Amino acid sequence: YGDARQGEFWLGGPLAGGLSLQLWGGLSDRSEDRVYYPVSMTIGSPDQRNSSFGAKLGFSPWEGQQFALEAGRGELRREATPGRSVADSDPLTRNEQQRQYWVLSHSGRVLDGARWRSALHQERGEQLNWSAGQRSTVEPRVTNTVFDSLLTLPLNAHSLTVGAQWQRNALEGVSQEAAVKGHPLSPDRIREGDVILGLASS
């Protein structure tokens, strides 16, 4: 069976001029098994590597106001080698799933005791596949973009929160996925958006 290794780190602290910085990341790795039993069709675990890294820069220009910029990426990779975790006659296969994201946010006091929080964030994911050394032409990519805004107003012993959210989702690179001969291909790009309004009291 394959060996496994794992590690994580986190660093953070204040910088000069109201700035602060955080860094974090992790890595887990598992070597490929040497397990394949043709009679029972039992296969082993492929080589797996999962990594991530992120950073957040904070800025407080004056008391009661905080701005932040955060970004990160992650990758999950799997690889199965003939004669190890799959049969000798099977092709070498590799799968990669990649993710990147960023967030721009603000939180601060406005008016008399009211607090306003807003954030714009985007996440992008992509999947890549190889078989027998050939990269697949199907490369689905998804991009999700969301803007959130909340205003909390104090009302004596209670509070009123008014919020709005805008989101846009896009899926690309799927025209060749699950293609059926004799039928038209799916659209290569699919997009949709939405706006949500909310009101809550406590």
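**Basis**

The model is predicted: local features need pLDDT of at least 70, side-chain atom pairs count only at pLDDT 80 or more, and totals for chains, interfaces and linings use all residues. Residues are numbered from 1 along each chain as its sequence is written, and side-chain values use heavy atoms, leaving out hydrogens and water.

**The chain as a whole**

Helices (H or I, at least four residues) and strands (E, at least two) are DSSP runs, numbered from the N terminus. Along the sequence, the pattern is β-β-β-β-β-β-β-β-β-β-β-β.

Of the 202 residues, 26% are buried. Buried means under 20% relative accessible area, exposed over 50%, and partly exposed in between (1.4 Å probe, protein chains only).

Contact means heavy atoms within 4.5 Å. Among the chain's contacts with a separation of 6 or more, 53% link residues 24 or more positions apart.

The chain exposes about 13,300 Å², and carbon and sulfur atoms supply 56% of this area. Accessible areas come from the Shrake-Rupley method with a 1.4 Å probe; for residues, only the protein chains shown count as cover.

**Asn95**

Asn95 sits in strand 7, residues 93-110. Its relative accessible area is 15%, so Asn95 counts as buried. Not counting residues up to four places away in sequence, Asn95 touches Leu76, Arg77, Arg78, Gln127, Leu128 and Asn129.

Its side chain also makes polar contacts, listed below. A polar contact is a pair of N or O atoms within 3.5 Å; within protein, one must be able to donate a hydrogen and the other to accept it, and residues adjacent in sequence count only if both atoms are side-chain atoms.

| Side chain | Partner side chain | Polar contact |
|---|---|---|
| Asn95 | Gln97 | 3.5 Å |
| Asn95 | Asn129 | 2.6 Å |

**Leu21**

Leu21 belongs to strand 2, residues 19-30. Leu21 is partly exposed because its relative accessible area is 30%.

**Ala200**

Ala200 lies in strand 12, residues 189-201. Is Ala200 buried or partly exposed? Ala200 is partly exposed, because its relative accessibility is 42%. Ala200 and Leu160 are 40 residues apart in sequence, yet 6.0 Å apart in space, C-alpha to C-alpha. Leaving aside neighbours within four places in sequence, Ala200 is in contact with Ser159, Leu160 and Thr161.
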